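Let's walk through this one in a few quick questions and answers. Here is what we're looking at.

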Amino acid sequence: MINYFQAAGGVIVILLAVRAAKSYRRRQVSFIAVSFWLAVCACALVCILNPRITVFAARFLGIGRGADLVLYITTLALLGGFYY
């Protein structure tokens with residue numbers, strides 16, 4: 001059963017993916033950039049619809065909770081984005 005957060009989050013991620021695809025069609029971003037963002041959107045959608053995946057991945061990596069794993073990945077991505 002899908003809850004309200006999953007439905008809203010799924011719609012937002014799909015809209016972001018559509019926007020990335022439109023930007024590529026308008027030649028505003030490169031193929032590599034749109035591929036990256038579509039992969040991020042796909043991973044986000046999978047994790048939103050099945051949150052147990054983050055718990056499994058976190059425990060595999062030695063992290064206590066799936067939410068902590070998402071926070072760590074987000075922090076690293078933001079740091080990388082600020083660097084570039």
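Q: What share of the chain's residues count as buried?
A: Keep in mind that this is a predicted model. A residue counts as buried under 20% relative accessible area. Across the 84 residues of the chain, the buried share comes to 19%.

Q: Which pattern does the chain follow along the sequence?
A: The chain has 4 helices and 0 strands. Its C-alpha atoms fill a box of roughly 40 × 35 × 15 Å along the principal axes. Reading along the sequence, you get α-α-α-α.

Q: Is R25 buried or exposed?
A: R25 sits in helix α1, which covers residues 4-25. Together with R19, K22 and R26, it forms a positive surface patch. The cut-off for exposed is over 50%. R25 has a relative accessible area of 66%, so it is exposed.

Q: Which residue has a positive phi although it is not a glycine?
A: Most residues other than glycine have a negative phi. Here, a phi of about 60° turns up in the loop between α1 and α2 (31-49).

Q: What kind of aromatic pair do Y83 and Y84 make?
A: The count comes to 3 aromatic pairs. For Y83 and Y84, the ring centres are 5.1 Å apart and the planes sit at 85°. Both residues are exposed. Planes over 60 degrees apart count as edge-to-face, so with its 85° this pair is edge-to-face.

Key. Residues numbered from 1 in each chain as written. Predicted model: local features only at pLDDT ≥ 70, side-chain atom pairs only at ≥ 80, totals over all residues. Heavy atoms only, no water. Patch = residues over 30% accessible without salt bridge, like charges linked within 9 Å, V, L, I, M, F, W, Y side chains within 5 Å. Areas by Shrake-Rupley, 256 points an atom, 1.4 Å probe, with all protein chains shown as cover. Salt bridge = Lys/Arg side-chain N within 4 Å of Asp/Glu carboxyl O. Lys, Arg positive; Asp, Glu negative; His and termini not counted. Charge placed at Lys NZ, Arg CZ, Asp CG, Glu CD. Helix = DSSP H or I, 4+ residues; strand = E, 2+ residues; numbered from the N terminus. Buried < 20%, exposed > 50% of the residue type's maximum accessible area, 1.4 Å probe, protein only. Phe/Tyr/Trp six-rings, centres within 6.5 Å; stacked < 30°, edge-to-face > 60°.
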